[in-house]
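Trainee: I am new to this structure and would like a close look at one single part of it. Could you take me through one residue and its surroundings, slowly and in connected steps?

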Amino acid sequence: MLSDSQVNEFIERGFVLVPQVVKDDVLGRAAQRIDEVIAADPPAAEKRGAHFYFLPAKEHPALLAPLTESPAFGLAEELAGAGTLDVPCQVQVALNIPPHSHRPGLPHIDAADPEPTGGPVRNTFTLLAGVLLSDQPAENSGNLWVWPGTHLTHAAYFRDHGPEMFCAYPPIDLPEPEQIRGRAGDLLLAHYLLGHNVGGNYASEQTRRALYFRISARDHASHRNQFLQDPWLDYPRIKSQS
């Protein structure tokens, strides 16, 4: 179970890293399947930095298992409420290949358009669950960068300016970023509205590996506009405390 301090960290900072959620045997099966995916469709020889595979979860049960055959999905539902979340239909394999001397300038939220289009709000979700498949004890080793608290700042921006301003890079004031450091088997739970980005991998000789799952509340699609303005709409447990 998540402790009160972990829930409060998620509320205040927009993310929490839960150590050692996924066991070695589940990680091992996932790693083997990733090896097979890479062998079938390898990155270009000169590729450095981020390289992604977006795969149908039902066709890759070994990649879905770190979410559903571990406590991970249940921990996500502790934030959103038991029985409120759908198992995602897609899994992202995220690689970060060294050497890659990159430092992100800005965070983004997951939106197709960098600038507002005025069109319908699409493809939002409730939270991101990430499972580390390689150790990342030091910074600049392919780590994910996050901007703490920006889930609340983004929501305030959309309340003030309207959901029609939805885009990947809303113009908000930014705090100092942090890099997610952890070990294989750790679970990252991050609010959809948390600003984040891909970092560099120049302090390590190892390709960073992680799995990401974009998880939605079962009725999320019916209130995307409202969710942008009320960050706890999909989190009944948290909303009742606020």
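Mentor: Let us begin with Asn 143, which sits in the loop that runs between strand S4, residues 127-132, and strand S5, residues 144-147. Please keep in mind throughout that this is a predicted model.

Is this residue buried or exposed? Asn 143 counts as buried because its relative accessible area is 0%, and the cut-off for that word is under 20%.

The side chain of Asn 143 has polar contacts that can be followed in the view. It reaches the backbone oxygen of Ala 138 at 3.1 Å, while a polar atom of the Asn 143 side chain also lies 2.7 Å from the backbone nitrogen of Ser 141. When neighbours within four places in sequence are left aside, the residues in contact with Asn 143 include Gln 136 and Ala 138, and also Gln 179, Ile 180, Arg 181, Val 198 and Arg 208.

An open sheet of three strands has the order S6-S5-S8, and its pairing is antiparallel. The edge strands of this sheet are S6, residues 178-179, and S8, residues 195-198, each of which pairs on one side only. Between S5 and S6, which run antiparallel, there are two bridges, and Trp 145 stands opposite Gln 179 in S6. Gln 179 is also one of the residues in contact with Asn 143.

Another contact of Asn 143, Arg 208, takes us to strand S9, which spans residues 208-215 and is joined to S3 by five bridges, the two strands running antiparallel. In that pairing, Asn 96 stands opposite Arg 208 in S9. S9 is mostly covered, with seven of its eight residues buried, and S3, residues 90-97, is likewise mostly covered, with seven of its eight residues buried.

S3, for its part, pairs with S2, residues 49-56, in the antiparallel sense over eight bridges, and the bridge partner of Phe 52 in S3 is Ala 94.

Technical notes. Residues are numbered from 1 along each chain as its sequence is written. This is a predicted model: local features need pLDDT of at least 70, side-chain atom pairs count only at pLDDT 80 or more; totals for chains, interfaces and linings use all residues. Side-chain values use heavy atoms; hydrogens and water are left out. Buried means under 20% relative accessible area, exposed over 50%, partly exposed in between (1.4 Å probe, protein chains only). Helices (H or I, at least four residues) and strands (E, at least two) are DSSP runs, numbered from the N terminus. Two strands pair if DSSP finds at least two bridges between them. A polar contact is a pair of N or O atoms within 3.5 Å; within protein, one must be able to donate a hydrogen and the other to accept it, and residues adjacent in sequence count only if both atoms are side-chain atoms. Contact means heavy atoms within 4.5 Å.
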